[in-house]
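Have the structure open while you read.

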Amino acid sequence: MARKPVRAAIGDFWITCQVCDGDLFRERHVMLNSVGMEFLKLAWADETARGLICWQCGYVHLFVNKDIKFYRADK
């Protein structure tokens, strides 16, 4: 894994993995493409989400909440 791990929170709530309860993630932007926008060649205008990929098991969590905060973590 190339990126450094992060921890994430929304307000006072720390996010943990739904599968393994891990608290370290890789973060990336994810496009939420729709069929209609793809058909019209306008996929670039679709909404984006923040993807948190669990460092331990690889499960992908998607968030559209703009209040999510990321904190560097030592592995």
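Is Asp23 buried, partly exposed or exposed? With a relative accessible area of 31%, Asp23 comes out as partly exposed. Keep in mind throughout that this is a predicted model.

## Paired charges

Asp23 has a partner: it makes a salt bridge with Arg7, and the closest N and O atoms are 2.9 Å apart. This pair links distant parts of the chain, with Arg7 in strand 1 and Asp23 in the loop between strand 2 and strand 3, 16 residues apart. Arg7 is partly exposed as well, at a relative accessible area of 28%.

The count of salt bridges comes to two. Besides Arg7 and Asp23, there is a bridge between the side chains of Arg50 and Glu27, at 2.7 Å from N to O. Arg50 sits in strand 4 and Glu27 in strand 3, so this pair ties together parts that are 23 residues apart in sequence.

Cys17 lies in the loop between strand 2 (13–14) and strand 3 (25–31). Its relative accessible area is 1%, so Cys17 is buried. Cys54 is buried too, also at 1% relative accessibility. In sequence Cys17 and Cys54 are 37 residues apart, yet their C-alpha atoms are 6.4 Å apart in space. If you skip neighbours within four places in sequence, Cys17 is in contact with Gly22, Phe25, Cys54, Cys57, Tyr59 and His61.

How many disulfides does that give? The count is zero. For Cys17, the closest cysteine sulfur belongs to Cys57 and is 3.7 Å away, which is too far for a bond. For Cys54, the closest one is in Cys20 at 3.5 Å, again too far for a bond. A disulfide would need the sulfur atoms within 2.5 Å.

## The nonpolar core

Cys17 and Cys54 turn up again in the largest nonpolar core, a set of nine residues that also holds Val6, Ala8, Ile15, Phe25, Leu52, Phe63 and Ile68. Strand 1 (6–10) and strand 4 (48–54) are the elements that give two or more residues to this core. As a rule, nonpolar side chains in soluble globular proteins tend to be buried together.

Phe25 is worth a click. Leaving out residues up to four places away in sequence, Phe25 touches Lys4, Pro5, Val6, Ile15, Thr16, Cys17, Leu52, Ile53, Cys54, Trp55 and His61. Among these contacts are Val6, Ile15, Cys17, Leu52 and Cys54, which are core members themselves.

## One pair of rings

Searching the whole structure turns up one aromatic pair. The ring centres of Trp14 and Tyr71 are 5.2 Å apart and the planes stand at 50 degrees, so the pair counts as tilted. Here, too, distant parts of the chain are linked: Trp14 is in strand 2 and Tyr71 in strand 6 (residues 68–72), 57 residues apart.

Key
Residues numbered from 1 in each chain as written. Predicted model: local features only at pLDDT ≥ 70, side-chain atom pairs only at ≥ 80, totals over all residues. Heavy atoms only, no water. Helix = DSSP H or I, 4+ residues; strand = E, 2+ residues; numbered from the N terminus. Buried < 20%, exposed > 50% of the residue type's maximum accessible area, 1.4 Å probe, protein only. Contact = heavy atoms within 4.5 Å. Core = buried A, V, L, I, M, F, W, Y, C linked by side-chain atoms within 4.5 Å. Salt bridge = Lys/Arg side-chain N within 4 Å of Asp/Glu carboxyl O. Phe/Tyr/Trp six-rings, centres within 6.5 Å; stacked < 30°, edge-to-face > 60°.
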